[in-house]
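User: Hi! Could you walk me through this one with me? I have a few quick things to ask.

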Amino acid sequence: MPTPHLLTVDTRTAPLGLDNPRPEFGWALHGPAAQRAYEVEVATAASFAKETIVWASGVVVSDTPFGVTYAGGALTERTAYHWRVRVHLDDDTVTDWAAADFETGILNPDTWKARWITDHRTDAKNPRTLYFHTNITLPAPVVHARAYASALGWYRLYINDTDITGHSLVPRWTPFFAYTEYQAYDVTDALRAGENRIGIVVSEGRYRGELGVQRKSARYGDKIAAFAQLELDLADGSHVQVLTDGTWTVSYGRIHTADPKNGERVDLRLAELPWNSAEGSTADSTRATILAKKVPLIAESVDRVTVIGQRTGTISQTPSGKQLVDFGQNFSGVARVRLSGPRGALVKMLYSEVLDPDGELSTGYLEAGGGGGSADKWFQRDEVTLAGDAVEYTPAFTIRGFRYLLIDGPANPVTPDDVEGLVISTDLPQIATFTSSDSRLNQLWSNVLWSLRSNFTDTPTDCPTRERSGWTGDIQVFGPTASQMVDADAYLRRYLRNAATEQSSDGRVPPIIPSEAAPGVSTSLMRFTSTSVGWGDVTVLLPWTLYRYYGDKTVLADQYDSARLWVDQLARRAATKRSLRRRVRRGIGDLERYLVDTGYHWGEWLRPGETLMSELPGNFYKRSAVATAYLAHSARTLAAIANVLDKTTDERHYAEIAENTTRAWRAAFVTAEGARIGDDKQDDYVRALAFTLLPENQRPRAAKRLAELVTQAGYHLGTGFLSTPMLLQTLVDTGYPDVAYKVLLQTTVPSWLGQVEHGATTTWETWEGYRADGKPTASHNHYAFGSVVAFLQERVAGLTPAEPGYRSFRVAPIIGGDLTSAAVEIRTPYGPAASAWDLADDGTLTLHVTVPAGATANIRLGDIDEEATAGTHTFRTTIAAVRAGTDVDARTAA
């Protein structure tokens, strides 16, 4: 009999330090029988004795194995809870109980007794990495110990010289002016009876380190600080509390400074931890200073950043004679290197994604214009003073995007055994695999996954090198792809929480989250772009994405006010503001009040051949077609969200806005019965069709014009940032799969496979990646254009959710492009689902479909049109039947 497995609390496995008063439980099932009902119990003892049970759901009729919300009494802070679930199946059997744990953190702000501590000698103009420590004596062995720690900056907690934190890059980036995350650690085994030493090392991190494209520092404050509260239960029955306060010692150490972008300045002649120096302390030691600042603390809601993989490197010399390590893959992380050489000599370790044509490390390709710059200004570097003897050095408080490591200086030659690349990312489970008969598509899929991993560190970023900023537009377009490659639900929920916190009271949304600014401390030069559609729409479209792929209704409820604020400000702008150029032109009557033609809008943003300077002026006054389309689309999506949340009045209200805005958009931007739209660019037709802005009788004309434009471009995409993710799917849905495949398999610029054939191991910021002279340009690790993976999984392999969370899904692969096979497997909230097709030489087409228990699938391929329930099924048809199917009809119905 199947037993529930993969038990989660708030989508995490056995979380420690939870502060959600109403956590959500989830599980998965194996076997053909589906869930009919469930029972969940929560207790304070693993025995689940009656007197220890704090909540029992009873038998709840439901076929959903996730999103079960705790409904018992108030949870007690710093308490271990045990929970279990058993499932009533549709074959009238009941599974065994399956149990798991979670532990609450600090739930009452008054429980915090620790103080924030800093060093009065340092600030943003005189930065130093700070080493705090204290000694404690415990009269008895420790039976239970928890450490709750945080910092203004990145920190590492040490107990008896054991690094408790590791490469976690904590605390994660938040709007630090509003709240900072704390981490909970089980430190029972790190402590002992007798003498113990507790240390905290703090560096710049996101709090004081350089941020954004302008590389500004101290955006949240000029004092880094440490915070820790240890709660210890001893074998003699006593309880000991250890707090950061003014009795702690602060000193300097091996790491002089450390910045997320600029790297570390390190002296390997010094002890790794200053309290371990031969003298037991350093001459610069002093008492810590209490930081008079209130910092609201919240618990983590996502599993931490960590080392998720290792890379070996090959060693060579550049033409200039420097040691070069090639890890064979572009990724985000650091390198561990065993360094030796003359004592006191300075070695520079420089990291880059690319080489110049002459074989030297490229250090100027991210500068404006690309291909220039100097290694002396290169920010991704560590400067290391050698100890003489070999010392293993791993950067602790920095991260970079790179494939290559250059060792510049009198270090002794390294061997492959001396060097290791550490891949660092948030430890999000991979939930999908994709393969096809075209190895280039397989490499493309892999490249996108590597770009996702590289940019899903402490918060979603555009690139791991230059800006490292959480652009809202990037994650808005990439969200559907990310959500079906890794389990990103909690991770993206967290991003949306930060977005809602930074959203203005009038509904505007900063284009970067966190916004790299703090009230009273710093401001963002990008604030004027907070009206831009496509970027601010992340507040509406990303929650809907999470609902669609994970069945997550909680995120819809949590983010509803934020989504409503955004749509309301767009609708208000349309109704009350009108640009001068529209005032002097003939209008469209009462529908004028639904056109968005004021405010800054990035628009489609950087179609192939366009540049920042060519497009920037028009972003202030020429993007009305794009802006109005997004108002209609987001209002319609918000109406759907209101429907899910049973907000009937709101549903009607936003549906009316969507309908009127759609009518206004048609009147202002559509001519020739749909055959001409807006500026007559590919994206004009993609938006019109994907957002269902056209009446049914105009869709075929628009689809035909889109296909014409793509064909005239030599089967190259002409879309920009916003519409590229929708281009191929729109071509398929409107009856032009042959055109879609030609674009997908195109190898000349602009194209996805052009990057692959150029040797890319991640997706690039630009289609070219290199200038005409062969020098690299722009970031080589951006995930936005990697949104094509959604098309690979949903249309090429053919598995698409039809109901939220894949409760029902559609299997309808598009056969074409000379492919002879494609397969996808994805771990849905109901269990593994899969679609795999194979085309034989004789034209026989075989399709294998796996449906998890509790889900159903609609199979459509050629002359196959069937419903499938739990199990693995095989279907056969012919390529002739597929070609004789509905492709032509689709063009008629488009």
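**Strands, cavities and confidence**

Analyst: Happy to. Let's start with a residue pair: Arg810 sits opposite Asn858 in strand 41. This is a predicted model, where local features need pLDDT of at least 70, side-chain atom pairs count only at pLDDT 80 or more, and totals for chains, interfaces and linings use all residues. Residues are numbered from 1 along each chain as its sequence is written, and side-chain values use heavy atoms, with hydrogens and water left out.

User: Nice. How many bridges join strand 37 to strand 41?

Analyst: Four, and the two strands run parallel. Strand 41 covers residues 856-861. Strands here are DSSP E runs of at least two residues, numbered from the N terminus, and two of them pair if DSSP finds at least two bridges between them.

User: And what is the bridge partner of Thr800 in strand 37?

Analyst: Arg810. Strand 36 (residues 799-801) and strand 37 (residues 808-811) run antiparallel, joined by three bridges. Their hairpin has six residues between the strands, and Gly805 takes a positive phi near 75° there.

User: Which residue stands opposite Thr286 of strand 22?

Analyst: Val250. Strand 19 (residues 249-251) pairs with strand 22 in the antiparallel sense over two bridges.

User: OK, cavities. How many are there of 30 Å³ or more?

Analyst: Seven. A cavity is a set of points, on a 1 Å grid over the protein atoms alone, where a 1.4 Å probe fits but cannot get out. Points are joined across faces, edges and corners, and the volume is the space filled by probe spheres set on them. The largest cavity has a volume of about 60 Å³.

User: What lines the largest cavity?

Analyst: Lining residues have an atom within 4 Å of a point; among them are Arg206, Ser332, Ile399, Cys463 and Arg468. The lining divides into three nonpolar, four polar and two charged residues.

User: Last one: where does pLDDT stay under 50?

Analyst: Over residues 369-373, with 17 contacts beyond four places in sequence, and over residues 887-893, with 11 such contacts. A contact means heavy atoms within 4.5 Å, and pLDDT is the predictor's confidence in each residue, from 0 to 100. The chain averages a pLDDT of 95, and 97% of the residues score at least 70.

Definitions and conventions: 1 Å grid on protein atoms, 1.4 Å probe; cavity = no way out; pocket = protein on both sides within 12 Å on 5 of 7 lines; lining within 4 Å. Nonpolar A, V, L, I, M, F, W, Y, C, P; charged D, E, K, R; others polar.
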